[in-house]
Amino acid sequence: MSINEIRSNWENQTANYDLDIHNWPEYWLNIAREKYSVIESLETVHESLKPNQIVELGKHLQKATGSEEFIKRIDSYYESIVPQLLDEDEYMIQRFFTVRIVIPDQAKAGRLLQFHKDEWTGNGLGILTVWTPITQCYGTNSMQILTCEDSDYITNECYKNEWSFDKLQSESVTRSFPVELQPGQAHLFQQHHIHGNVNNDTPISRWSMDGRILPKGGEYHRKLPGGYFRFIGERPDTRPIDPAKEYISYAGWNNSWSGGIPLPMQRATINEYCRNNNIKINDYQFENEFLDWYPALEQFITSYNVDAIVLCSIYSLPDDPFRRYTILKLAVDNNIELHFANELCSIREEQDIKHIQRLLEYKI
């Protein structure tokens with residue numbers, strides 16, 4: 001079986017876990033109360049908050065998925081259920097998770113999730129999804145999902161007949177079924193499964209947490225290893241960033257990844273990283289197009305009187321592995337920091353090169 005084909009144990013299957021060890025309802029209620037202490041329970045959050053407050057709560061929950069406490073918890077959780085479901089020895093995990101709150105009559109507040117499949121949102125077919133309800137999910141409050149066969153049928157008909165938005169939604173609804181689970185259970189599915197929500201006419205709010213994994217060799221499409229995905233046990237690069245150093249940024253179009261990315265988009269990612277880390281750029285530099293041996297980047301590293309260079313991504317580096325290693329080694333030898341905005345990491349010492357090389361082993 002190809003790594004990107006349908007896996008029977010991920011085709012709308014249930015995984016059980018120990019709720020005493022991985023008590024997600026208790027954890028997320030405590031996190032939610034940090035933002036709004038008036039919340040009495042997850043299921044009744046709609047009685048305590050207005051829809052716009054729930055949006056703000058969602059931002060707070062999302063931010064919490066980058067914390068050390070959450071990383072430790074989610075690593076332990078995934079390690080308890082994922083390895084026995086894979087043939088591969090190694091996999092990566094989604095870096096930032098999403099916690100979804102579906103309130104009763106959410107369509108009235110414009111919060112209805114349209115039917116889609118994750119393949120349509122940039123996910124490669126080698127990615128696998130673990131959908132974890134945090135509250136009881138049943139009937140209309142739950143995720144509605146289609147079988148593999150029905151998802152393929154809807155997809156083919158939609159493409160062939162150029163369906164309207166409403167047609168796609170209505171046809172998906174007629175073939176969907178609710179995922180009905182309790183806390184202590186998770187739903188496993190793949191990126192070709194069409195899923196979405198219908199209006200929640202139950203009396204409770206449904207909370208869920210969705211995260212994805214990438215087995216080594218899996219096709220990831222737009223969800224890049226190192227940016228969207230991280231290794232189990234990997235931690236954010238928390239080494240201090242000295243804003244007093246001399247920084248430049250660097251952009252280019254000279255490898256298989258960066259060739260189609262316009263300069264403003266590369267610099268938008270770089271600029272956000274710089275804002276978040278109080279970095280002031282002395283100059284915006286670039287590589288002349290078609291020069292895939294990166295002579296300008298080498299020059300900036302070896303003799304440009306700067307301390308650090310901010311790049312859009314590790315995927316901005318040369319495609320050729322020998323040339324890529326040469327560039328990274330030159331940076332370490334010349335005590336020049338290379339910062340990679342998309343992956344939130346940097347090259348400062350030999351050990352960092354090994355991390356970048358490991359990430360790029362996932363590149364397909």
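This is a predicted model: local features need pLDDT of at least 70, side-chain atom pairs count only at pLDDT 80 or more; totals for chains, interfaces and linings use all residues.
Trainee: Why is Gln-191 called buried?

Mentor: Its relative accessible area is 1%. Buried means under 20%. The value of 1% falls under that cut-off, so Gln-191 is buried.

Trainee: Where is Gln-191 found?

Mentor: Gln-191 sits in the loop between strand S7 (185-190) and strand S8 (195-196).

Trainee: What makes the pair Gln-191 and Thr-129 a polar contact?

Mentor: Their side chains are joined at 2.9 Å. The cut-off for N or O atoms is within 3.5 Å. The pair therefore meets the distance test. Gln-191 also touches other residues beyond four places in sequence, including Lys-117, Asp-118, Glu-119 and Arg-212.

Trainee: Why is Ser-313 counted as buried?

Mentor: Ser-313 has 0% relative accessibility. That is under 20%, so the word buried applies. Its place is the loop between strand S13 (308-311) and helix H9 (321-333).

Trainee: Which side chain has a polar contact with Ser-313?

Mentor: That of Glu-343, at 2.7 Å. The limit is within 3.5 Å. Leaving aside neighbours within four places in sequence, Ser-313 is in contact with Trp-257, Phe-340, Asn-342 and Glu-343.

Trainee: Is Leu-29 buried or exposed?

Mentor: Buried, with a relative accessible area of 17%. The cut-off is under 20%, so 17% qualifies. Leu-29 lies in helix H1 (residues 24-35).

Trainee: What does Leu-29 contact, beyond neighbours within four places in sequence?

Mentor: Ile-39, Glu-40, Ser-41 and Leu-42. Take Ser-41: 12 residues separate it from Leu-29 in sequence, and 6.9 Å in space, C-alpha to C-alpha.

Trainee: How do you know that the span of helix H5 agrees with its number of residues?

Mentor: H5 covers residues 148-161, which is 14 residues. At 1.5 Å a residue, the helix should span 20 Å. Its end C-alpha atoms are 20 Å apart, so the two agree.

Trainee: Which residues of H5 are buried?

Mentor: Cys-148, Ser-151, Ile-154, Thr-155, Glu-157 and Cys-158. Residues three or four places apart in an α-helix point the same way, because there are 3.6 residues a turn.

Trainee: What do the buried residues of H5 pack against?

Mentor: Helix H6 (165-175). After H5 comes Glu-162, with a positive phi near 50 degrees.

Trainee: Why is Phe-290 called exposed?

Mentor: Its relative accessible area is 69%. Exposed means over 50%, so 69% passes.

Trainee: Why is Leu-344 called partly exposed?

Mentor: Leu-344 has 41% relative accessibility. Leu-344 lies in the loop between strand S14 (337-340) and strand S15 (345-347). It has a positive phi of about 55 degrees, although it is not a glycine.

Trainee: Which residues lie nearest the centre of the largest pocket?

Mentor: Phe-96, Pro-236, Asp-237, Thr-238 and Leu-344. The lining has 20 residues. It divides into 7 nonpolar, 6 polar and 7 charged. The space in this pocket is about 360 Å³.

Trainee: How many cavities of 30 Å³ or more does the search find?

Mentor: The search of the whole structure finds 1. The largest cavity has a volume of about 30 Å³. A cavity is space where the probe fits but cannot get out, whereas a pocket is open. Among the residues lining the cavity are Asn-255, Ile-314, Tyr-315 and Lys-363. By class, its lining has 5 nonpolar, 1 polar and 3 charged residues.

Trainee: What makes Pro-178 partly exposed?

Mentor: Its relative accessible area is 27%. That lies between 20% and 50%, so partly exposed is the word. Pro-178 is in strand S6 (residues 177-178). Beyond four places in sequence, it touches Gly-139, Ser-142, Met-143 and Gln-144.

Trainee: Why does Pro-262 count as partly exposed?

Mentor: Pro-262 has a relative accessible area of 39%. Pro-262 is in the loop between strand S11 (247-251) and helix H7 (263-276).

Note on methods:
Residues are numbered from 1 along each chain as its sequence is written. Side-chain values use heavy atoms; hydrogens and water are left out. On a 1 Å grid over the protein atoms alone, a cavity is a set of points where a 1.4 Å probe fits but cannot get out, and a pocket is an open set with protein on both sides within 12 Å along at least five of seven lines; lining residues have an atom within 4 Å of a point. Grid points are joined across faces, edges and corners, and a volume is the space filled by probe spheres set on the points. Ala, Val, Leu, Ile, Met, Phe, Trp, Tyr, Cys and Pro count as nonpolar, Asp, Glu, Lys and Arg as charged, and the others, Gly among them, as polar. Helices (H or I, at least four residues) and strands (E, at least two) are DSSP runs, numbered from the N terminus. Buried means under 20% relative accessible area, exposed over 50%, partly exposed in between (1.4 Å probe, protein chains only). A polar contact is a pair of N or O atoms within 3.5 Å; within protein, one must be able to donate a hydrogen and the other to accept it, and residues adjacent in sequence count only if both atoms are side-chain atoms. Contact means heavy atoms within 4.5 Å. The expected span of a helix is 1.5 Å times one less than its number of residues.
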